[in-house]
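Dear colleague,

Here is the structure I promised to pass on to you, and below it you will find what came out of going through it. Please keep it open beside this message as you read.

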Amino acid sequence: MHRSLSHLTERIERALHERLIPALYRDTEPVRVEAAHLPGEPVPAGEALAMTYEPFAVGQPWGRAWSTTWFRFTGEVPARMRGARVELLVDLGFEGAGPGFRSEGLAYTADGTPIKGIEPRTAYVPIARPAAGGERVEVYVEAAANPRFDGSVSPFGDPATIPDRPLYRLDRAELAVLDEQVQALVLDVQVLHQLALQLAETDPRRHEIRRALELMLDELDVAADVCGGAAAARACLSGVLASPAVPSAHRITAVGHAHIDSAWLWPVRETIRKCSRTFSNVVALADDYPELVFACSSAQQYAWLRQHHPTVFRRVAEKVATGQFLPVGGMWVESDTNMPGGEAMVRQFTQGKRFFAAEFGVEPREVWLPDSFGYSAALPQLARLAGFRWFLSQKMSWNQTNRFPHHTFWWEGIDGSRVFTHFPPADTYSSELSGKDLAYGVGNFAEHGRSTVSLLPFGYGDGGGGPTREMLETARRVADLEGSPRVAIGTPAEFFAEAEREYPDAPVWSGEMYLEYHRGTYTSQSAMKRGNRRTEHLLREAELWSTAAALQAGHPYPYAELDAIWQETLLLQFHDILPGSSIAWVHREARQTYAKLAERLEAVIEAALTALTGPGSVPLTANAAPHARDGVPALGVSAGHGGDAANAADVSVRSGPDSTVLDNGLLRVHLGPDGTVSAIRDLVADRDVLRPGTAANVLQLHPDRPNRFDAWDIDEFHRHRCRDLTEVTKIVVEADDPRQARVRVHRDDRNSAYVQTVSLTAGERVLRFTTEVDWHEQETLLKVAFPIDVHAAESSSEIQFGHVRRPTHTNTSWDAARFEICAHRWLHIGEPGYGVALVNDGTYGHDVTRQPPGDVLGAQPTTVRLSLLRGPRYPDPNTDQGSHEFGYALVCGAEIADAVREGYRANLPIRRHRGGRPAAPLIEVTNPAVVVEAVKLADDRSGDVVIRLYEALGGRARTRLTASFDFAQARVCDLLERDNPEIGALAPVSVEGNAVHLTLGPFQVVTLRLTPAQH
């Protein structure tokens, strides 16, 4: 029996691949081929069509990596093809690769109008249906020689290292008749065969289908006349195809999709072309298949299309109006969610939603993040405040250790807000609607017995491509087919509304969704992390000072410039750019962009401060942080250079052969002869900060060779080997400033050099560090360790608008899997009565462990380590080679509030400026638990002032917010600065003069809108 079934499977598959599929096209006619080559960057179609074209032959090589060749195909439909469906077939040298990961092209008419993408599995251009015969054919194809990456070290990631040889060969260029009966037969056979393979061997339906397929093969003369016998062969299958699904069959909402990475194994410029190819395919398919619904996120990609391919953009807009092309997600890009700051996550939502509203008049209700590398616990609140109700992903199916327990559930954030969430149980965002995907999705679904519906995105993705006509034909066949789930093409909103109606009491997942994979993305490509952090904080300053200058000095607010900078910043937070998992070309351009953005933002800040403080040469100090410092108020500009610590004791320095001691009356710090910090005595608390016998600020090297994805992963076994860097080249003590002492420790090790600076300032219980690294290691992880004498059961890590607590033990597999964690500006550990925070100015990866292992007695120290550098070889073989600088600090005796304050301080240094006068803070708040995150003018250009603030400690807080200007109205609004009664009810306000009184719940984010009185 089993042998017979196996033989039948072989017979069906051989017939498909060797007889039926090759018979799809018949009666071919060669066309004339000419080509024009662009070795460098692409040019617009109008310019390309006017180039000189030279004769080119099928079989001829073309395409140095990243170059473009324009092909011109000309010919005439022969009279013998009259009445048939005629297509131009073009094979650019696909060699069986999937769409988006090899050569690909976009076909144009002779007047430069895009037709559709040319990619594997969609390598045709429609010519006539039906043909009259004699039609003139002139088709241009912009062919991109995008190289293929296979996971090994490759020279193709940077134009400077690519080999000077062609990658591809034009394998096909001809007119052909598509036999629609054979096409239908192929689809019938594929659907039934795939379905039968997924059914149990004891299922009668399986045998019924296989018997029908066997009769079909007996009927069809596959050797002589497939085309002539296709109709009769289909008749053999009509009965099993017509048998409807059982009433209890699972229901799947199928949504067309093409997840296009905004950069990854290709540069941003190539993503722009990928979008044009894919979206051209979709609008062409939508004409032929009115049931098609295509969901596409990322406002950035629509904006590119509008700029570079306005004709395609107009066609997309038409399909949006008919409901076939759906802007979803409402974000500027599908960003990483671990590392972007709180205000950046807000702007991902607001920039995306505003674009969709302005261009298409639509507002998505679902967050759409199928491929980001874990999900911050701040997202549910931000999603709800931005007008979203639903959340979609599938990435948690990638967990290495623990299976995520739900597919449909409520996700609860750190403030208690919930968003209805679905993970497609097929565990993919690029389904082909195959029988395997459908069956796996049903079998894998965790909510059987409580829910009967799931969602399935279908279409080629990552590199683009999208749905194909074969997928849509398959959807028609599995809409109501016995043995299969019922499949209906529909919208995400239709699915979510039905799923929520059916399962309102779905289970709740509380807190972050930590992906047990891709932990290296918190560290890879250090310049991405530092550039992102610095740009976010410069944007804060630019908006704050521009708002103050507008209200207090009439300075024009730079709406357009700030919008443009925000959009570029948000693009760089895409989930393969900021995480450091793209090719070298992408990261080189990103580094250049960050440098340019910094220059532009510095110009905005300087202009605003100049207008705000007026002409003059008075020394001034501007503090954009939300806390007062050094005699400067929060969010204000003071005369002089501050001086909170003016009355504090000077810093003393004692140097000896065995140690160097720094003492400011609050901390006494010992550095050993190896340059590490051997002891820290907190003189205020009268206790040691470090575990006796240990050392801090210790650089440690680990082998870093993950099993699969180099730039993405840090695997747990890296901990099996560790080497401390303790050899010293020289130690230099700098004690010429009585208010601050520095010790510089120089190290050389293998191919790299290190300079660690330890500094102690008068009046601070903060020990500051700067580590400069000239890094030339590969497959190596660099960390810096602090063994703190605190018995902490959990650590607290800053995320957007709050923090999360994670166990420091490994009691469960979930705890053990979090061996590398993400934190923003600070990480805190503490025991009752005492805590310590580690703050940083541009890194994200950390680990927290209880040491030492083994047989011990008494309280255990907690070691906190900051991940500084890696050296992955794929996809960028030179990741992070070169010079880096890291700033971090140990805050001793710290509560969470101290960590919050010092985190802002580390990232918002005071700014020196010369002007005519100081400037009072635009606003002030009375409760230090309430933090002002953003001050800006409203996006609608009404002149209203928008203030975003949040409760930072995880409790309830009452505060009074006082404005330095008269205002006529104060109201709480949503993140898009709109009135919303539900949101307003969460934070009722009362007004007393120029003060607003309000109460915030734990980690609550409030957007307050003030209308100045003169309005």
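The structure holds 87 salt bridges, a salt bridge being a side-chain nitrogen of Lys or Arg within 4 Å of a carboxyl oxygen of Asp or Glu. Before the details, please note that this is a predicted model, in which local features need pLDDT of at least 70 and side-chain atom pairs count only at pLDDT 80 or more, while totals for chains, interfaces and linings use all residues. Residues are numbered from 1 along each chain as its sequence is written, and side-chain values use heavy atoms, with hydrogens and water left out.

One of these salt bridges joins arginine 354 to glutamate 977, with 3.7 Å between the closest N and O atoms. This pair links distant parts of the chain, 623 residues apart, since arginine 354 sits in helix H9 (residues 342-360) and glutamate 977 in the loop between strand E50 (967-973) and helix H19 (981-986); helices (H or I, at least four residues) and strands (E, at least two) are DSSP runs numbered from the N terminus. Arginine 354 is partly exposed at 26% relative accessible area, whereas glutamate 977, at 6%, is buried, where buried means under 20% relative accessible area, exposed over 50%, and partly exposed in between (1.4 Å probe, protein chains only).

A second example is arginine 705 with glutamate 779, whose closest N and O atoms are 3.7 Å apart. Here too distant parts of the chain are linked, 74 residues apart, with arginine 705 in the loop between strands E30 (698-703) and E31 (723-724), and glutamate 779 in the loop between strands E35 (766-775) and E36 (780-788). Arginine 705 is partly exposed at 48% relative accessibility, and glutamate 779 is partly exposed at 23%.

Aspartate 688 and arginine 681 also form a salt bridge, the closest N and O atoms being 3.2 Å apart; aspartate 688 is partly exposed at 30%, and arginine 681 is partly exposed at 26%. Beyond such pairs, a network of salt bridges links Glu41, Glu104, Glu142, Arg269, Glu270, Arg273, Lys274 and Arg277.

As for the chain as a whole, it has 19 helices and 53 strands, and 61% of its 1015 residues count as buried. The C-alpha trace spans about 100 × 70 × 60 Å along its principal axes.
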